[in-house]
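The exercises below ask you to read a structure closely, and each task is followed by a solution that goes step by step.

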Amino acid sequence: MATKTIDAAAAGTWKLGDLTVNRLGFGAMRLTGSAAFDPSTPSSDRERSIGVLRRAVELGVNHIDTAAFYFSRLRSANELINRALAPYSDDLVIVTKVGPGRDASGAWLPWATPEQLRGQVEENLRQLGRDHLDVVNLRLNGPGSLAEHFGALAELRDAGLIRHLGLSNITPEHLAEAQAIAPVVCVQNRYGLDSRRTGSDEVLRLCGEQGIAFVPFFAIAGEGREGGAGQGGGTESDAVLAVARAHGVTSAQVRLAWTLQQGEHVLAIPGTGNPDHLVENVDAGALRLTDEEMELLLS
Ligand SMILES: NC(=O)c1ccc[n+]([C@@H]2O[C@H](COP(=O)([O-])OP(=O)(O)OC[C@H]3O[C@@H](n4cnc5c(N)ncnc54)[C@H](OP(=O)(O)O)[C@@H]3O)[C@@H](O)[C@H]2O)c1
């Protein structure tokens with residue numbers, strides 16, 4: 001019997017500037033422990049997390065999302081990536097984000113000033129063991145001008161510390177403001193089957209028009225599902241369950257397929273520290289939902 005091939009390339013590719021990535025990528029936030037933002041919860045098993053990263057790359061994942069502020073008491077996502085994947089292959093694209101920061105105890109710091117962004121970029125460089133970052137997203141914390149912060153990152157890009165710039169948690173106005181300063185290659189906003197937000201639909205559309213990748217977070221976790229569907233983090237809708245049954249797949253896979261079918265420019269970065277979930281998530285890149293199913297899911 002032929003073995004089924006599971007490959008992140010099944011969903012096709014997209015370009016982040018001059019860097020080509022498979023549309024099915026990986027989010028590193030869950031590698032440090034399921035509640036990476038709470039330093040009082042247990043840290044993940046180190047070897048298991050390293051194994052997940054290596055398996056992701058074996059399955060064709062070449063787009064990994066991370067941040068220096070993804071750490072639990074004993075684990076750092078960037079350090080795990082470095083340990084698992086360095087020396088990095090040429091086709092691996094690591095995307096990180098700056099703006100937010102945490103002190104050594106895990107407590108959140110005030111949002112960075114433009115002058116502090118260089119230190120955050122250098123922190124990522126040290127932890128990842130690189131001398132330039134492929135893509136850096138400016139992660140906003142609310143409305144207001146991004147000009148000074150994005151301008152500071154554009155200077156770091158000109159200085160060769162960063163190859164491409166992106167944005168996160170933004171409005172359409174932010175996108176226009178940033179594009180006037182330097183090219184934006186990707187936008188990371190919260191977006192999923194039941195967590196679409198006024199504004200993010202518009203941002204998704206604008207990104208498509210301008211050839212910018214739209215990279216949603218919480219595509220699986222969704223509303224009230226911080227722990228992931230089926231993990232006690234909320235009940236799944238009848239529509240998702242029906243579509244999952246029809247394809248013989250899980251509800252998480254339906255959510256990922258729905259996300260990828262929002263547009264060719266939409267990339268997925270599902271986050272998991274579980275090797276079985278990783279395989280399911282990559283496999284979801286090959287799942288195609290019918291128009292009727294897409295409609296049913298929104299009903
Ligand atoms: N820009 C931003 O502001 C921002 C904010 C948040 C996150 N992010 C990025 O986006 C990525 C995705 O977000 P996320 O990790 O929070 O949410 P997600 O990918 O939507 O969902 C992750 C949750 O779902 C579970 N899960 C994953 N695969 C599963 C599967 N096949 N079956 C059942 N449950 C599954 C995970 O638990 P297990 O570990 O047990 O699988 C985890 O609890 C993050 O990793 C991070 O890189 C960016």
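For the residue classes used here, Ala, Val, Leu, Ile, Met, Phe, Trp, Tyr, Cys and Pro count as nonpolar, Asp, Glu, Lys and Arg count as charged, and the others, Gly among them, count as polar. The model is predicted, and local features need pLDDT of at least 70, side-chain atom pairs count only at pLDDT 80 or more, while totals for chains, interfaces and linings use all residues. Residues are numbered from 1 along each chain as its sequence is written, and side-chain values use heavy atoms, with hydrogens and water left out.

**Exercise 1. The shell around the ligand**

Task: Determine how many nonpolar, polar and charged residues the shell around the ligand has, and which residues come nearest.

Solution. Step one is the count by class, which gives 12 nonpolar, 12 polar and 6 charged residues. Step three assigns the shell to elements, with helices being DSSP runs of H or I of at least four residues and strands runs of E of at least two, numbered from the N terminus; helix α9 (residues 275-283) supplies the largest share, 3 residues.

**Exercise 2. Polar atoms facing the ligand**

Task: Find which polar side-chain atom lies 2.5 Å from an oxygen atom of the ligand, and state what share of the ligand's accessible area the protein covers.

Solution. The polar side-chain atom at 2.5 Å from a ligand oxygen belongs to H277. A polar backbone atom of A219 is 3.1 Å from an oxygen atom of the ligand, and an N or O atom in the side chain of Y70 is 3.3 Å from a ligand nitrogen. With areas from the Shrake-Rupley method and a 1.4 Å probe, the protein covers 93% of the 900 Å² of accessible area that the ligand has on its own.

**Exercise 3. Aromatic rings and a charge**

Task: Classify the geometry of the pair formed by F69 and Y70, and identify which residue lies over the face of F71.

Solution. Rings of Phe, Tyr and Trp (its six-membered ring) pair if their centres lie within 6.5 Å, and planes under 30 degrees apart count as stacked, over 60 as edge-to-face and the rest as tilted. The structure holds 5 aromatic pairs, among them F69 and Y70, which are edge-to-face at 5.3 Å centre to centre with 80 degrees between the planes. F217 and F218 are likewise edge-to-face, at 5.2 Å and 80 degrees. Next, F69, Y70 and W108 form one aromatic cluster. For the charge, the criterion is NZ of Lys or CZ of Arg within 6 Å of the ring centre and within 35 degrees of the ring normal; R102 lies over the face of F71 at 4.0 Å from the ring centre, and its charged end also sits over the ring of W108, 5.6 Å from the centre.

**Exercise 4. Burial**

Task: Decide whether F217 and F218 are buried, partly exposed or exposed.

Solution. Buried means under 20% relative accessible area, exposed over 50%, and partly exposed in between (1.4 Å probe, protein chains only). F217 counts as buried because its relative accessibility is 17%, whereas F218, with a relative accessible area of 22%, is partly exposed. F218 is found in the loop between β9 (213-214) and α7 (238-247). As a further case, L256 in helix α8 (residues 251-260) counts as buried at 0%.

Methods. Near = heavy atom within 4 Å. Polar contact = N/O pair within 3.5 Å; in protein donor to acceptor, adjacent residues only side chain to side chain.
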